[in-house]
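Please open the model in a viewer and keep the selection panel at hand.

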Amino acid sequence: MAHSAQVDPAFVQAPEHRPKETISSADGVPLIDLSPLFSQRTCNTFPATLLAEVEAACINWGFFQVINHGIPLELLKKAVAAEKEFFEQPEKDKLKIRRDEANRFGYYESEHTKNVRDWKRVFDFALQERFDATGLVLKNRWPEVPLGFRETIEEYARSVEKLAFMLLELISLTLNLPPKRLHAFFEEQTTFIRLNHYPPCPYPDLALGVGRHKDSGPLTVLYQDSVGGLDVKKRSDGEWVRVKPIPDSFVINIGDVIQVWSNDKYTSAEHRVSANSERDRFSIPFFFNPASHIDVRPLPEVVSDRNPGKYEGYNWGKFFKRRMDSDFKLLEVENIQIDHFKRA
Ligand code: OGA
Ligand code: NI
């Protein structure tokens with residue numbers, strides 16, 4: 001390898017996990033137009049074609065993109081500008097709000113996925129601050145600069161929350177549940193939002209922006225800029241497919257909790273972020289998470305004698321705390337996964 005002298009081994013993926021030169025994008029993840037939600041929705045009836053599209057996307061991909069989602073584009077632009085300005089601040093200023101073991105919210109430049117360091121920097125904050133009996137601490141740290149950063153980013157997060165609840169209604173209906181069946185799980189939600197900055201990487205053939213993983217909560221609502229790099233593992237053949245950036249759209253993906261609630265009707269898809277040698281990339285995932293007291297198990301309406309529950313219940317708060325704690329240690333074994341709760 002010509003450039004191996006400068007390569008930091010902490011970032012190097014095992015050969016089988018390195019990105020290949022060609023990534024198929026011929027048939028990409030489905031694109032769903034949500035405008036019927038705003039025009040044709042009367043008294044809680046949802047257009048059947050929209051529900052069919054959501055259902056097919058959740059089954060076939062666990063991923064889809066949405067347009068006409070109701071998030072004001074001005075607000076989206078303002079949030080992305082604030083994100084860029086934050087990451088442009090000197091490292092020593094960002095490090096003043098660095099996350100630590102006692103409180104994992106704030107700035108962090110050293111995330112690892114499956115023990116390999118990710119080529120990125122992040123800023124994390126909770127939608128609702130909270131301190132609960134399980135020892136889960138959701139306490140935010142905000143930078144002094146840029147001015148107005150907090151207000152803009154919080155306004156953006158509240159707007160994405162509305163979209164997240166709408167998507168939850170759609171997904172509930174596709175599981176033959178009343179539209180608001182899942183809402184109660186989110187009453188004291190542990191949702192957090194992450195600002196991602198992926199700087200140019202000198203060895204994109206060896207490192208990844210984010211290593212392959214599945215999102216552990218119910219649902220993720222992601223903004224990505226026009227650079228591209230998010231890859232989804234296609235269910236049908238296991239190939240990596242690039243999610244083509246579409247201006248002003250959002251990428252939605254099913255996480256592990258919906259996999260369990262739906263008893264595997266929907267499964268969370270593995271994804272990663274490829275690095276880029278030339279351009280900075282910015283993204284903003286909104287991790288829509290339930291209350292920490294919730295026990296996650298297949299929904300009683302979904303299971304039956306013919307479709308018995310495939311998972312033991314697990315407490316969301318404990319699981320989430322373990323995940324967050326493990327971010328600070330390199331583990332001997334793989335991180336805790338929902339497979340650990342799968343019945344034999
Ligand atoms: C994540 C993630 C994708 C992206 O943070 O879990 O998958 O495009 N991010 O930043
Ligand atoms: Ni992810």
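Helices (H or I, at least four residues) and strands (E, at least two) are DSSP runs, numbered from the N terminus.

This is a predicted model, in which local features need pLDDT of at least 70 and side-chain atom pairs count only at pLDDT 80 or more, while totals for chains, interfaces and linings use all residues. Residues are numbered from 1 along each chain as its sequence is written, chains are lettered from A and ligands numbered from 1 in the order in which they are written, and side-chain values use heavy atoms, with hydrogens and water left out.

His213 counts as buried at 18% relative accessibility, and His271 is buried at 6%. Buried means under 20% relative accessible area, exposed over 50%, and partly exposed in between (1.4 Å probe, protein chains only).

**The shell around ligand 1**

Next, select ligand 1 and the residues near it (a heavy atom within 4 Å). Among the surrounding residues are His213, Asp215 and His271, along with Tyr198, Arg281 and Phe287. The shell divides into six nonpolar, four polar and two charged residues. Here Ala, Val, Leu, Ile, Met, Phe, Trp, Tyr, Cys and Pro count as nonpolar, Asp, Glu, Lys and Arg as charged, and the others, Gly among them, as polar. Strand E9 (192–198), E15 and strand E16 (281–288) each supply at least two shell residues, and E16 gives the most, with four.

Now display distances to the oxygen atoms of ligand 1. A polar side-chain atom of Ser283 lies 2.6 Å from one such oxygen atom, one of His271 lies 3.0 Å from an oxygen atom, and one of Asn196 lies 3.4 Å from an oxygen atom. Taken alone, ligand 1 exposes 300 Å², of which the protein buries 95%; accessible areas come from the Shrake-Rupley method with a 1.4 Å probe.

**Aromatic pairs**

Show the aromatic rings, which form 27 aromatic pairs. Rings of Phe, Tyr and Trp (its six-membered ring) pair if their centres lie within 6.5 Å; planes under 30 degrees apart count as stacked, over 60 as edge-to-face and the rest as tilted. Trp142 and Phe149 are edge-to-face, 6.0 Å centre to centre with 65 degrees between the planes, and both are buried. For Phe165 and Phe288, the centres are 5.0 Å apart and the planes at 85 degrees, so this pair is edge-to-face. Phe165 lies in helix H5 (residues 149–174) and Phe288 in strand E16, so the pair ties together parts that are 123 residues apart in sequence.

**Backbone exceptions**

Most residues other than glycine have a negative phi, and most peptide bonds are trans. Select Val145 and Pro146: the peptide bond between them is cis, with omega near -5 degrees. Finish at Asn263, where phi is near 55 degrees, a positive value in a residue other than glycine. Asn263 is buried, with a relative accessible area of 2%.

How values were computed: Polar contact = N/O pair within 3.5 Å; in protein donor to acceptor, adjacent residues only side chain to side chain.
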